[in-house]
Amino acid sequence: MYNTLCVALVPLLAIGAGVLPASAQTTDQNRYYIQQMIELAANNDEHGLTATQQVLAQSPKPQPKDAVGARAAFERGRALLEQDQLDAALTALRQASQSDPSNVEALNYLGLAYRKLNRLPEAEAALQQTLALEPTRAVAWFQLAQVYGLQNDTRRAVGALANTYRFAENPMRAEEILRNIAENEAADTLRNAALDTLRLYKLPVATPIVPPLPTNPGIRPLNSRSRSTQAQRSAAS
Amino acid sequence: MKPSWAVLVLVVGLSHLASAGAASPYETINYHVQQMIAQAVSSDSTGVQAFREQLENLPRPKAGDSAKARPLQQRGLEQLTRNALKEALATFRQAFIADPTDPEIASQLARTYLRLERFKEAERLSIYTLSLAPTHAITWLGLGEIYGQMGDASRAGGAFANAYRFASDPPQLTERLRQLATIHPTEAVRASAQQALQTIKTTITPQPSAAPVLAPKTSPATSAVPPDPTIADTAVTATHPTEPFPNNAIPLSAPSASTQEPNTANPGQRIYRQSIPRTCLIVTSRNGKTDNLGSGLLVSADGLVITNDHVIEKADNLAVKCGERESTASVRKRSKQPDLALLATSLKNGESFIFNEAYSQDLIGRDVFVIGNPYGLEGTFSTGVISGLREIDGVRYIQISAPISPGNSGGPVILQDGTVIGIAAMVLKKGQNLNFAIASSEVIVSGLFDPARMQSRPLVKEP
């Protein structure tokens with residue numbers, strides 16, 4: 001019965017895409033589907049999720065303009081990101097994703113760079129583009145959950161974490177990661193989202209009585225650039 | 001024991017069902033492990049062997065970063081040795097996240113959960129471990145203990161039987177079962193270990209595996225998520241509470257306690273060690289979010305905690321952590337003037353602070369020690385002297401030079417004899433080290449102090 005309903009859901013979703021404003025670009029449609037996947041995951045609606053995923057898989061994919069140049073820029077950007085040279089990394093990764101908008105890794109790392117720079121709307125957009133190309137990319141779902149956590153959006157953080165678990169290559173590892181966040185994360189939204197995700201899947205977890213505190217409440221070298229951190233926000237007066 | 005062809009047919013048939021159905025990887029693994037247990041309970045070696053082979057043929061997860069995991073594993077083992085279970089859990093978790101294909105690490109994580117009495121997690125990790133290494137005898141033993149603790153003597157017995165079956169050193173395993181059968185506090189564990197000992201005498205031939213740990217095989221069915229350093233970014237914001245507090249704190253109320261301190265400990269070290277288990281972190285929440293934090297102190301053996309009223313004034317919920325112990329809390333009494341609140345917690349049978357009744361010029365110049373959680377930096381210890389006595393809006397304060405910051409509010413200001421002379425409350429922002437604590441004498445005359453439950457004593461002359 002339910003399967004039948006879900007088979008019917010696929011064309012319905014396709015029609016849903018059709019009723020989007022004519023001016024809506026593919027990117028907007030993809031974002032819509034990613035949001036659908038988040039919402040369905042938060043409701044633990046596996047069949048609906050699969051149906052949306054299928055629609056997303058059929059959406060047109062961008063073509064590379066300069067795949068070789070993009071690869072070189074991506075490698076440069078990744079190395080810079082690992083050295084924590086965030087601004088330079090961002091420049092290189094933007095170049096990579098513009099040269100090859102189908103390069104999933106470049107887009108994923110671009111999202112990471114934006115998140116590290118606390119540019120959350122841009123991080124969200126890059127990660128959504130990543131997921132539109134590869135909806136089962138657990139790492140990107142996880143980073144998107146962190147973005148929503150930083151935006152204090154528990155509901156969407158739960159959906160993104162639920163998809164992290166759903167698409168994890170090793171679910172037991174993902175389970176432990178979720179438990180770690182649920183028990184030790186100082187930021188309330190992400191911790192509560194991990195807790196809700198574990199409950200969604202009926203996985204065991206010990207709820208901390210005393211919420212964890214940041215181990216480093218904004219301590220940084222005297223000459224470092226001031227950057228708003230989650231830890232600083234968590235430290236109450 | 002008879003060869004069970006029916007079981008073989010069942011194994012083949014059900015394993016196809018399991019792989020064809022929508023079962024999650026864990027459910028599939030669990031199914032095979034439970035079958036191995038069920039066959040062991042029936043003393044059916046052929047059945048155990050058949051399901052073991054099925055388990056071995058399941059897709060293996062992709063190998064992790066063993067170079068990163070191994071040092072963490074070593075650290076976890078050291079923490080287990082000194083019984084620092086929460087620390088060990090955090091460390092083994094990190095090791096497991098780094099390399100989820102190492103059965104030793106997975107097994108140690110499972111056993112840590114077991115020691116923390118988190119049986120569901122322990123069970124899941126044990127079953128997962130057995131998917132990596134179906135003949136891992138220690139994991140079977142642990143799984144038996146888990147089922148015993150959960151009151152499932154039958155499955156405990158099956159798991160124990162498999163532990164013996166796959167033991168590389170059967171006499172040693174027998175000895176461990178004997179220990180479980182005699183000294184384990186849980187009846188079901190003792191009974192099932194006893195049962196297993198009787199069964200293995202008559203029916204089981206040990207089959208230690210030459211290669212108990214299987215090499216990881218990559219599953220062709222798994223999604224091609226490339227190894228990505230960003231997943232390790234889990235820890236970007238996740239924190240790992242450290243537990244620097246010694247378990248062997250000396251009770252202040254015991255006169256002989258100070259003699260137990262090593263001679264090398266200076267007064268500050270002695271005060272810190274004595275006071276940290278009874279100094280509290282107070283975390284308040286509002287609308288489900290962490291709202292404020294402060295400090296407090298245990299003042300009675302039945303778990304009463306004193307703090308400042310301003311720490312808890314807007315809270316929906318309260319949680320306290322005193323030393324290693326945690327509890328929710330409720331407000332028993334509170335007052336704006338003086339700025340004090342009394343909280344009830346479940347932290348009973350612990351040591352508590354003794355108030356010092358003094359409020360005189362004799363105090364000025366005396367050393368004081370402050371413990372608290374400024375900006376959430378738990379258990380921060382600072383020292384200074386009593387700089388003066390002030391009465392502000394009819395409340396007696398002790399002015400101290402020991403640094404305090406937001407988060408110290410409600411924490412103890414302690415004299416060298418270990419008694420509490422004040423409750424940290426205010427700072428004068430304009431100056432330097434002009435900090436104020438509500439005098440203990442003020443606490444004693446307030447309606448919060450209950451002489452039947454809390455202790456106080458006069459000032460002792462310093463040597």
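Hi everyone, let's start where the two chains meet: between chain A and chain B there are five salt bridges, a salt bridge being a side-chain nitrogen of Lys or Arg within 4 Å of a carboxyl oxygen of Asp or Glu. One of them joins the side chains of E169(A) and K62(B), at 3.5 Å from N to O.

A quick word on the ground rules. This is a predicted model, where local features need pLDDT of at least 70 and side-chain atom pairs count only at pLDDT 80 or more, while totals for chains, interfaces and linings use all residues. Residues are numbered from 1 along each chain as its sequence is written, chains are lettered from A and ligands numbered from 1 in the order in which they are written, and side-chain values use heavy atoms, leaving out hydrogens and water.

Back to our two chains. How many residues of chain A are in contact with chain B? There are 55, and they touch 54 residues of chain B, with contact meaning heavy atoms within 4.5 Å. Together the chains bury about 4,600 Å², and carbon and sulfur atoms give 60% of that; buried area is the accessible area (1.4 Å probe) that two parts lose on being put together, summed over both.

Which helix gives the largest share of chain A's side? That is α10(A), with eleven residues. By type, the side of chain A that touches chain B has 27 nonpolar, 13 polar and 15 charged residues. Here Ala, Val, Leu, Ile, Met, Phe, Trp, Tyr, Cys and Pro count as nonpolar, Asp, Glu, Lys and Arg as charged, and the others, Gly among them, as polar.

Now let's look inside chain A. It has twelve helices and zero strands; these are DSSP runs, with H or I for at least four residues making a helix and E for at least two a strand, numbered from the N terminus. Chain A is divided into domain 1 (2–57), domain 2 (62–122) and domain 3 (135–205), with bounds from an automatic or database domain assignment.

Take domains 2 and 3 of chain A. Their centres, taken over C-alpha atoms, are 24 Å apart, and the two domains bury about 700 Å² between them, 54% of it on carbon and sulfur atoms. On the domain 2 side, N108(A), R115(A) and L120(A) lose the most area to domain 3, together 73% of what that side buries. And salt bridges here? The count between domain 2 and domain 3 of chain A is zero.
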